[in-house]
Every structure is written in structure tokens, then in C-alpha cells.
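Hi everyone, thanks for coming.

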Amino acid sequence: MPVLTPDMTAADLERLAGHDDHAVRCAVAAHPNTPPDVLRTLAPTCPGEVLGNPGLPLLRLAHPRLILDWPRDTQLTLIRHAFAPRWLRRFAMTHAQSDFQVALATNLALNAEDVAALAQHGAWQVRARIAARPELPPALIEALSADPDYGVRMYIAARADLPGASVDRLRRDASVFVRQVLEQGQRT
């Protein structure tokens, strides 16, 4: 297995980016001398290494649209990652397409302010992803248990940490699906 050294050139790293070993490719993605096009290629399979690359802030200075001009699926992969920097999370939060907020809602490293903002998003898919997060403050669980969309309420009904008021509300829910999900969750 090749050993990556700090003095490796962009050409060396570009050559190693096609290595058969996934660990080598991810090491290339984490190397500060890796060219932007190689980072773009490696980002879908090594997102944490690309986001943690110490050269990324400097590359963004030289290429302000770095990542923002990458393929949409690659952007969504990076947005979902816990290492997504604040600037990338802001980009996702304000993007015109709600699938960027859906991806952001699954990022487990979100701060409480972003979680609360996404819990009020206009698209039910975003609120549903927030409802499915493993840790939510009781106030958000309570608010989402009264969400106008039954899909969001189903995610809340499946939670093991439902406050009593939410359980009572969901037992009387208009949707039979929400009541069924609640019943199954309460049995386990």
C-alpha cells in the first residue's frame, strides 16, 4: 500500500486517486495538495476526508464556488455529513430546492437553532426528517405531534421518547396510520 507524504505533488495524488484500495483514495481526499477536480471525484465515497481536508479553506478562497458547482448528489452527500462546515449548512438551509433542507435535516451535527428552524419548514419531508432525529427537545416533539401533515406525525408517533401529552394527542389522531404507528411503538 502506498504511503502518502506531505510533499506529494498534485500529479502524484491524482494518480493515487484511482487506486484500487478505498483507504488510499480516502487518504488522497484528505491530503492538502489534492487538486479540486480530484476532491470532486472522491467526495461521494470519502465525504469526511474531503470536508476535513486542511487545504479545503484555501481551495475555497481560490475557487469560491468550489463544492457549490459540484454535482447535486455530491453536494447532498456532503451536506448530510457531520463534518459539513457552517458555510455549507447555510447554503443548504437557504437553497431554493427543499431536498437540500431534507439532506441537512439528517445531519446529526446540526445545532439546536438549525433543528428548530427546519422543524418549521414548509415542506413536510423536511419536518419529517427532523421528527425522525434521535434527539429532539420535548417542545419540538410536542409541536411536531400536532403537525398538519400525517407523515410528520407518523415519525413522531414512532418515537420511544414521546411525552404523555403527545401520546394522548396521537391516540386521537385523525389518521389511522398515525394511530397504528403509535400503537406499535407503545407495545414495544
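Searching the whole structure turns up two aromatic pairs, where rings of Phe, Tyr and Trp (its six-membered ring) pair if their centres lie within 6.5 Å, planes under 30 degrees apart count as stacked, over 60 as edge-to-face and the rest as tilted. Phe91 and Phe100 have ring centres 5.8 Å apart and planes at 85°, so this pair is edge-to-face. Both Phe91 and Phe100 are buried; here buried means under 20% relative accessible area, exposed over 50%, and partly exposed in between, with a 1.4 Å probe and protein chains only. The other pair, Tyr150 with Phe177, is tilted, at 6.2 Å centre to centre and 35° between the planes. Tyr150 belongs to helix α12 and Phe177 to helix α14 (residues 176-187), so this pair links distant parts of the chain, 27 residues apart. For the helix labels, helices (H or I, at least four residues) and strands (E, at least two) are DSSP runs, numbered from the N terminus. Tyr150 counts as partly exposed at 43% relative accessibility, and Phe177 is partly exposed too, at 46%.

A word on the ground rules. This is a predicted model, in which local features need pLDDT of at least 70 and side-chain atom pairs count only at pLDDT 80 or more, while totals for chains, interfaces and linings use all residues. Residues are numbered from 1 along each chain as its sequence is written, and side-chain values use heavy atoms, with hydrogens and water left out.

One more ring to show you: the charged end of Arg60 sits over the ring of Trp87, 3.5 Å from its centre. The criterion is NZ of Lys or CZ of Arg within 6 Å of the ring centre and within 35 degrees of the ring normal.

On to the salt bridges. How many does a search of the whole structure find? There are nine, counting a side-chain nitrogen of Lys or Arg within 4 Å of a carboxyl oxygen of Asp or Glu. I'll pick out a few. Arg72 bridges to Asp73, with the closest N and O atoms 3.8 Å apart. Arg72 is partly exposed at 38%, whereas Asp73 counts as exposed at 55%. Arg72 also bridges to Asp99, and there the closest N and O atoms are 1.5 Å apart. Because Arg72 lies in helix α6 (residues 72-80) and Asp99 in helix α8, this pair ties together parts 27 residues apart in sequence.

Glu142 and Arg169 meet in a salt bridge as well, at 2.7 Å, N to O. Glu142 is in helix α11 and Arg169 in helix α13 (residues 164-171), so they tie together parts that are 27 residues apart in sequence. Glu142 is partly exposed, at 23%, and Arg169 is partly exposed at 28%. Going back to Arg72, shared partners join Arg72, Asp73 and Asp99 into one network.

Last stop, the cysteines. The whole-structure search finds one disulfide, meaning a pair of cysteine sulfur atoms within 2.5 Å. Cys26 is joined to Cys46, S to S 2.1 Å. Which hand does the disulfide have? The torsion about the S-S bond is about -80°, so the disulfide is left-handed. Cys26 counts as buried at 7% relative accessibility, and Cys46 counts as buried at 0%.
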